[in-house]
Amino acid sequence: MANTGNAGIGVIGGSGFYSFLDDVTEVRVDTPYGAPSDSLFLGGIGGRRVAFLPRHGRGHHLPPHRINYRANLWALRSVGVRQVLGPCAVGGLRPEYGPGTLLVPDQLVDRTKNRASTYFDGLPLPGGDVPNVVHVPLADPYCPVGRAAAVAAARGRGWEAVDGGTLVVVEGPRFSTRAESLWHRAQGGSVVGMTGHPEAALARELELCYTSLTLVTDLDAGAESGEGVSHEEVLRVFAANVDRLRSVLFDAVAALPEDGARDCLCAKALGGTDPGFALP
Ligand SMILES: [Zn+2]
């Protein structure tokens, strides 16, 4: 589908975040990188237009390493999205970040192994455009404005979010060994997940604001002494927190700058460099 330009904010997360909204419109979008994880679901929150994208597809059939991250961010931008909120489930690497902790990271460590992580790979797009060699800055991978909105929204709901921390992203789909978990913690990691990269990096390459909201669903193997993480436990804790996480997301959406009013560095990440292709 062509650029419909009618949603300024994107939320990458499952149906628990939009299924009860009135007037949700399903839009199928294709991209030069193939199909995104699912249709986009466009709805209104507090007067803002929001595009929801189920990261793992409806029914949660896509494992983290099979998600077409490039298509997902491209599709969101093609419907007018400029600011993205990316909630995700993570494991706590420190005992103080137990299940139910909401941490809004300010740093990221990429420990993935085999993902298409850039639009600037030098390969021609189907239309014939060839990306230029571009190196975007990622020293601070998350939007400072979005982070502040997320932390304030959580506090406004009585949920004392952890403001800052390092999200370690592993390839998955398996969970970490105890030694890996201890190593991530010793290297300064706060929480560990499987989807935070390359989402933030790709968003930066498209000059999108990106904010990660991580919900701790379990203590990672190195931070607890039991059997380690189970998928059932992750799903149970996520379900127990999805209502208040949705409230926080919607409050954050309402607090984000209006379209066209962004003055953060994310909006100028390319610094005027010609990417070699038209941004969607
Ligand atoms: Zn920004």
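Guide: A crossing of two helices is left-handed if the near helix is turned anticlockwise from the far one by less than a right angle, and right-handed if clockwise. Helices (H or I, at least four residues) and strands (E, at least two) are DSSP runs, numbered from the N terminus. The model is a predicted one, in which local features need pLDDT of at least 70, side-chain atom pairs count only at pLDDT 80 or more, and totals for chains, interfaces and linings use all residues. Residues are numbered from 1 along each chain as its sequence is written.

Visitor: Which hand does the crossing of H2 and H5 have?

Guide: The crossing of H2 and H5 is right-handed.

Visitor: Why are H2 and H5 called oblique to each other?

Guide: The axes of H2 (residues 144–156) and H5 (residues 231–255) come within 8 Å and cross at roughly 130 degrees. Axes are lines fitted to C-alpha atoms, for helices over the stretch in contact, and angles run from 0 to 180 degrees between N-to-C directions. Angles under 35 degrees count as roughly parallel, over 145 as roughly antiparallel, 65 to 115 as roughly perpendicular and the rest as oblique. H2 and H5 are therefore oblique.

Visitor: Which residues of H2 and H5 meet?

Guide: Ala149, Ala150, Ala152, Ala153, Ala154 and Gly156 of H2 meet Val248, Asp251, Ala252 and Ala255 of H5; contact requires C-beta atoms, placed from the backbone, to lie within 7 Å.

Visitor: What makes H1 oblique to H4?

Guide: The axes of H1 (residues 69–78) and H4 (residues 196–205) cross at roughly 45 degrees and come within 9 Å. That angle makes H1 oblique to H4. Tyr69, Arg70 and Leu73 of H1 and Pro198, Glu199, Leu202 and Ala203 of H4 make the contact.

Visitor: Why is Asp218 called buried?

Guide: A residue is buried if 20 or more other C-beta atoms lie within 10 Å of its own, exposed if 12 or fewer, and partly exposed in between, with C-beta atoms placed from the backbone. Asp218 has 24 such atoms and is therefore buried. Asp218 lies in strand S11 (residues 209–219).

Visitor: What makes Leu219 buried?

Guide: Leu219 has 23 other C-beta atoms within 10 Å and is therefore buried. Leu219 is also found in S11. Beyond its neighbours within four places in sequence, Leu219 is in contact with Gly91, Gly92, Pro95, Gly98 and Glu224.

Visitor: Which residues does the UniProt annotation "binding site" cover?

Guide: The unreviewed UniProt entry gives this annotation to Met194, Asp218, Leu219 and Asp220; such annotations may be inferred rather than shown by experiment.

Notes. Two residues are in contact if their C-beta atoms, placed from the backbone, lie within 7 Å.
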